[in-house]
Amino acid sequence: MSSSKTGIEWTDKTWNPTTGCTKVSPGCRNCYAEAITMRFSASFPTGFNFTIHRERLEQPKKWRTPSRIFVNSMSDLFHEDLDFGYLREIFAVMRDTPWHIYQILTKRAQKLATLADKLEWSENIWMGVSVESQQYTHRIEALKTVPAKVRFLSCEPLLGPLNLDLSLIDWVIVGGESGYQHRPIEPDWVREILAQTRESKVAFFFKQWGGNYSKAGGRMLDERIWDEMPVAWNEHKAKWTIRAVSSLKKLSKNQEQDNLLTLT
Ligand code: SF4
């Protein structure tokens with residue numbers, strides 16, 4: 001299963017140059033990637049074992065429309081078994097396709113912090129860590145050492161109230177867990193995180209309440225949808241829309257000239 005389509009609200013596409021993972025914290029208990037792997041087992045011959053898919057490495061180069069791409073929705077890019085040379089190749093592909101925004105999310109914040117200065121970052125590479133409960137806020141401190149243009153938190157599945165230090169953080173995503181074993185989220189936990197983002201002027205995205213399936217509870221929080229994106233996203237869109245428009249103009253000018261040449 002290598003389709004890039006996704007129902008994840010904060011991204012446009014997924015890119016999985018690796019699949020499979022191992023669990024590291026309570027947020028992994030009902031891992032969505034593992035559930036998908038089990039459900040579509042014929043598409044995952046190596047099961048949920050960490051697997052490199054070199055044949056997918058160049059995939060984003062074929063996608064010409066500027067998109068937000070979630071890197072490794074089916075794995076963790078900073079997994080212990082990932083070869084550092086391959087990680088550098090993945091970063092090179094991201095740098096070579098500046099019309100896309102790449103959203104990398106990890107629970108292995110310590111490994112990320114250790115490798116960050118050995119990697120070459122470009123402004124289209126956004127980096128995030130998962131923070132499911134207060135016990136894992138140390139991942140945020142590791143994230144702050146990373147020279148990414150946008151640093152973000154994914155508080156999903158949110159398992160308890162959070163008191164966050166949001167300095168140097170650009171974006172917070174919150175979501176409840178889904179599936180028949182889901183652990184319920186409390187509306188006040190979400191409201192408290194929202195209040196902290198307002199105080200620190202950080203973009204806030206409420207993905208879902210969760211429930212037996214991901215869309216079961218909808219995504220309204222106190223009668224509104226919260227789908228803020230970091231400022232960098234609007235800047236990126238403006239830059240690449242202008243480029244697309246000017247290349248279209250160039251194209252039509254050339255076409256006009258071609259037409260004139262044909263007429264004369
Ligand atoms: S780190 Fe992510 S992909 Fe890996 S087991 Fe945990 S939830 Fe699943």
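## Exposed loop residues, parallel sheet and ligand shell

Asp-222 counts as exposed, having 10 C-beta neighbours inside 10 Å. In this predicted model, Asp-222 is situated in the loop that joins strand E10 (220–221) to strand E11 (224–225). Although Asp-222 is not a glycine, its phi is positive, at about 50°.

Lys-201 also has a positive phi, about 55°, and is not a glycine. Its location is the loop between H6 and E9. Lys-201 is exposed, with 8 other C-beta atoms within 10 Å; a residue counts as exposed if 12 or fewer such atoms are found. The two residues are set out below.

| Residue | Phi | Other C-beta atoms within 10 Å |
|---|---|---|
| Lys-201 | about 55° | 8 |
| Asp-222 | about 50° | 10 |

A further backbone feature concerns the peptide bond from Glu-156 to Pro-157, which is cis, with omega near 0°. Pro-157 belongs to the loop between E7 and E8.

Those two strands are partners: E7 (residues 150–155) and E8 (residues 171–175) pair in the parallel sense over four bridges. Within this pairing, Trp-171 in E8 is the bridge partner of Phe-152.

In total, the chain comprises seven helices and eleven strands. Its radius of gyration is 20 Å, close to the 18 Å given by the globule rule for 264 residues, so the chain is as compact as a globular protein of that length. The C-alpha trace spans about 75 × 45 × 40 Å along its principal axes. Of the 264 residues, 35% are buried. Among contacts with a separation of 6 or more, 71% are between residues 24 or more positions apart.

The ligand is surrounded by Cys-21, Lys-23, Val-24, Cys-28, Cys-31, Ala-33, Glu-34, Ser-75, Asp-76 and Lys-107. Which classes of residue form this shell around the ligand? The shell holds five nonpolar, one polar and four charged residues.

How values were computed
Residues are numbered from 1 along each chain as its sequence is written. This is a predicted model: local features need pLDDT of at least 70, side-chain atom pairs count only at pLDDT 80 or more; totals for chains, interfaces and linings use all residues. A residue is near a molecule or strand if its C-beta atom, placed from the backbone, lies within 6 Å of it. Ala, Val, Leu, Ile, Met, Phe, Trp, Tyr, Cys and Pro count as nonpolar, Asp, Glu, Lys and Arg as charged, and the others, Gly among them, as polar. Two strands pair if DSSP finds at least two bridges between them. The radius of gyration is taken over C-alpha atoms; the globule rule is 2.2 Å times the number of residues to the power 0.38. A residue is buried if 20 or more other C-beta atoms lie within 10 Å of its own, exposed if 12 or fewer, and partly exposed in between; C-beta atoms are placed from the backbone. Two residues are in contact if their C-beta atoms, placed from the backbone, lie within 7 Å.
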